[in-house]
Amino acid sequence: MDGVGVRRGKTTLLADVNWSVELDERWVVLGPNGAGKTTLLKMASTEMHPTTGTVDVLGERLGKTNVFDIRPLIGLCSGALVDRVPGDEVVRDVVVSAGYAVFGRWREEYDSLDTDRAAELLDLLGVAHLADREFGTLSEGERKRVMISRALMTDPELLLLDEPAAGLDLGGREDLVARLSSLALDADAPASVLVTHHVEEIPPGFTHCLLLRDGGVVAQGLLDDVLTEANLSKTFDQDLELQQAGDRYFARRRA
Ligand SMILES: Nc1ncnc2c1ncn2[C@@H]1O[C@H](COP(=O)(O)OP(=O)(O)OP(=O)(O)O)[C@@H](O)[C@H]1O
């Protein structure tokens with residue numbers, strides 16, 4: 001993204017964002033409610049164009065390319081997408097149909113290569129036992145994991161995860177963080193961007209961090225350099241204490 005701004009009427013959603021994600025990088029985008037995180041991700045997923053500046057996704061410039069050509073190369077997991085899955089869709093089909101960019105089992109039979117891959121990904125996310133269940137019967141955490149499996153189904157070059165741990169209980173969050181960490185540490189995994197409100201949700205293995213506040217970048221770069229008490233306090237407009245325990249982060253308001 002180069003000089004990117006997004007405006008809606010008189011409201012500025014994002015201003016002057018210069019940001020790039022390389023193929024071997026895993027980025028965390030952190031910021032308070034309304035900071036512009038989802039707006040940023042919508043451009044990365046080619047769903048939205050900037051008002052000013054330019055966005056290049058996988059070498060193609062938004063506005064000058066057919067986004068439908070690059071969307072199969074982008075794996076997306078967001079709350080909005082979860083809401084679009086029909087409740088009676090069988091979990092295995094939710095994953096396998098990603099390769100066909102649809103929801104719903106619209107073919108009699110999928111390729112066996114595809115069904116094998118879907119089973120492998122459900123297993124990777126720890127939900128293989130749910131393959132025959134209807135999506136609507138799953139818990140929120142189970143749905144998220146199925147949707148991440150789906151996002152990976154097309155072997156994307158870019159993986160975008162918008163608040164994947166939102167709504168999960170402590171065990172579910174910890175489990176997801178561990179699985180995302182394994183993925184982040186896998187050299188063959190795609191370039192990844194994870195949006196979150198909480199430093200506790202940063203999976204070990206993530207390499208970079210972008211801090212957003214009021215539509216502007218507070219800091220960006222290597223995670224260790226960017227995630228400091230000063231930067232975090234500025235981002236959330238509070239005096240925050242940041243602790244690192246092993247390869248995890250914890251934050252709270254200074255007493
Ligand atoms: N079409 C629109 N018109 C006016 N304002 C908008 C529009 N879409 C989004 N906004 C505002 O832009 C800001 C950024 O929204 P965005 O969804 O990107 O934030 P976010 O960082 O993802 O927030 P959250 O953490 O709450 O999901 C918010 O204040 C939102 O109300």
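Let's start just after helix α1, where Thr46 takes a positive phi of about 65 degrees. That is a positive value in a residue other than glycine. Helices here, H or I of at least four residues, and strands, E of at least two, are DSSP runs numbered from the N terminus. Thr46 sits in the loop between α1 and β4, residues 52-54. Is Thr46 buried or exposed? Thr46 has 22 C-beta neighbours inside 10 Å, so Thr46 counts as buried. The rule is that 20 or more other C-beta atoms within 10 Å of a residue's own make it buried, 12 or fewer make it exposed, and anything in between is partly exposed, with C-beta atoms placed from the backbone.

A quick word on what you are looking at. This is a predicted model, in which local features need pLDDT of at least 70 and side-chain atom pairs count only at pLDDT 80 or more, while totals for chains, interfaces and linings use all residues. Residues are numbered from 1 along each chain as its sequence is written.

Leu58 gives us another positive phi in a residue other than glycine, near 50 degrees. You'll find Leu58 in the loop between β5 (56-57) and β6 (60-61). Leu58 has 17 C-beta neighbours inside 10 Å, so Leu58 counts as partly exposed.

Back to α1 itself, please. Seven of the eight residues of this helix are buried, and they are Lys37, Thr39, Leu40, Leu41, Lys42, Met43 and Ala44.

And α1 also faces the ligand. Which element gives the most to the shell around the ligand? That is α1, with three residues. The surrounding residues are Arg8, Thr11, Leu13, Gly31, Asn33, Gly34, Ala35, Gly36, Lys37, Thr38, Thr39 and His197; to be listed, a residue needs its C-beta atom, placed from the backbone, within 6 Å of the ligand. The elements giving two or more residues to this shell are β2 (11-17) and α1 (37-44). By type, the shell has two nonpolar, eight polar and two charged residues.

Now for the inside of the protein. The largest nonpolar core has 68 residues, and those with the most contacts inside it are Val28, Val29, Val95, Val146, Leu160 and Val193. Helix α6, residues 140-152, gives the most to this core, with five residues. A nonpolar core here means a set of buried Ala, Val, Leu, Ile, Met, Phe, Trp, Tyr and Cys residues joined through C-beta atoms within 7 Å.

Have a look at Val29. Leaving aside neighbours within four places in sequence, Val29 is in contact with Lys37, Leu40, Val193, Val195, Leu210 and Leu212. Contact means that the two C-beta atoms, placed from the backbone, lie within 7 Å.

On to the strands. In β7, residues 74-77, Ile74 and Leu76 point one way and Gly75 and Cys77 the other, and all are buried. β7 pairs with β8, residues 158-162, in the parallel sense over four bridges; two strands pair if DSSP finds at least two bridges between them. The bridge partner of Ile74 in β8 is Leu158.

In which sense do β10 (208-213) and β11 (216-222) pair? Those two are antiparallel, over six bridges. Cys209 stands opposite Gly221 in β11. Their hairpin has two residues between the strands, and Asp214 takes a positive phi near 50 degrees there.

Two loop residues next. His198 is in the loop between β9 (191-196) and β10, and is partly exposed, with 14 other C-beta atoms within 10 Å. Thr228, in the loop between α8 (223-226) and α9 (229-236), is partly exposed too, with 13 other C-beta atoms within 10 Å.

Finally, the whole protein. It has nine helices and 13 strands. Its radius of gyration is 18 Å, close to the 18 Å that the globule rule gives for 255 residues, so the protein is as compact as a globular protein of that length. The radius is taken over C-alpha atoms, and the rule is 2.2 Å times the number of residues to the power 0.38. Along the principal axes, the C-alpha trace spans about 55 × 45 × 35 Å. Of the 255 residues, 40% count as buried.

Definitions and conventions:
Nonpolar A, V, L, I, M, F, W, Y, C, P; charged D, E, K, R; others polar.
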